Amino acid sequence: MLRARVQTDEAKALADFDAALELEPDNSKYQLVRAVYLRSRKKLDEALAEVGAILDDNPQDVNALIMQGEVLREMGNDEAALESFEKAAELAPKSLTTHQRLGEIYRTNGQYDKALEHFNKILEI
């Protein structure tokens with residue numbers, strides 16, 4: 001798995017991820033790292049599909065919800081990203097990352113009161 005993360009050849013990296021998942025097909029952490037890798041390569045549709053597979057098995061996986069929100073935001077879909085981050089915030093109310101992302105989206109959309117609410121939650125945590 002580590003080799004896949006530092007691999008510079010994309011095909012080899014993905015083959016390493018596939019090999020790791022073949023050994024442990026239910027390991028959502030491997031799937032999530034694969035999604036992070038795909039996102040870093042700007043393969044957003046594939047990253048979103050990988051995260052979707054995690055959430056199909058475990059809809060309450062906070063890390064997968066955060067990654068889903070980040071990918072959706074990068075794809076320009078702030079509304080769907082907001083839904084992912086809101087669900088993550090419900091499941092993990094002390095998640096700094098979730099409140100930061102929510103604050104950023106609300107600020108970008110001009111909803112400054114909501115943005116401030118989430119930024120203040122970061123300070124409270």
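**Exercise 1.** Which backbone nitrogen lies 2.9 Å from a polar atom of the side chain of Asp61? Place Asp61 in the fold and classify its burial.

*Solution.* The model is predicted: local features need pLDDT of at least 70, side-chain atom pairs count only at pLDDT 80 or more, and totals for chains, interfaces and linings use all residues. Residues are numbered from 1 along each chain as its sequence is written, and side-chain values use heavy atoms, with hydrogens and water left out.

- Step 1. The nitrogen belongs to Ala64.
- Step 2. Asp61 sits in the loop between α4 and α5. Helices are DSSP runs (H or I, at least four residues), numbered from the N terminus.
- Step 3. The relative accessible area of Asp61 is 14%. Asp61 is therefore buried (under 20% relative accessible area, 1.4 Å probe, protein chains only).
- Step 4. Not counting residues up to four places away in sequence, Asp61 touches Ser28, Ile54 and Leu55 (contact: heavy atoms within 4.5 Å).

**Exercise 2.** Describe how α4 and α5 pack.

*Solution.*

- Step 1. Their axes come within 9 Å and cross at roughly 155°. Axes are lines fitted to C-alpha atoms, for helices over the stretch in contact; angles run from 0 to 180 degrees between N-to-C directions.
- Step 2. That makes α4 roughly antiparallel to α5 (angles over 145 degrees).
- Step 3. Residues of α4 that meet α5 include Val51 and Ile54. Among their counterparts in α5 are Met67 and Val71.

**Exercise 3.** Which residues does Met67 contact, leaving aside its neighbours within four places in sequence?

*Solution.* Met67 is in contact with Leu32, Ala35, Val36, Arg39 and Val51.

Terms used: Helix = DSSP H or I, 4+ residues; strand = E, 2+ residues; numbered from the N terminus. Buried < 20%, exposed > 50% of the residue type's maximum accessible area, 1.4 Å probe, protein only. Polar contact = N/O pair within 3.5 Å; in protein donor to acceptor, adjacent residues only side chain to side chain. Parallel < 35°, antiparallel > 145°, perpendicular 65-115°, else oblique.
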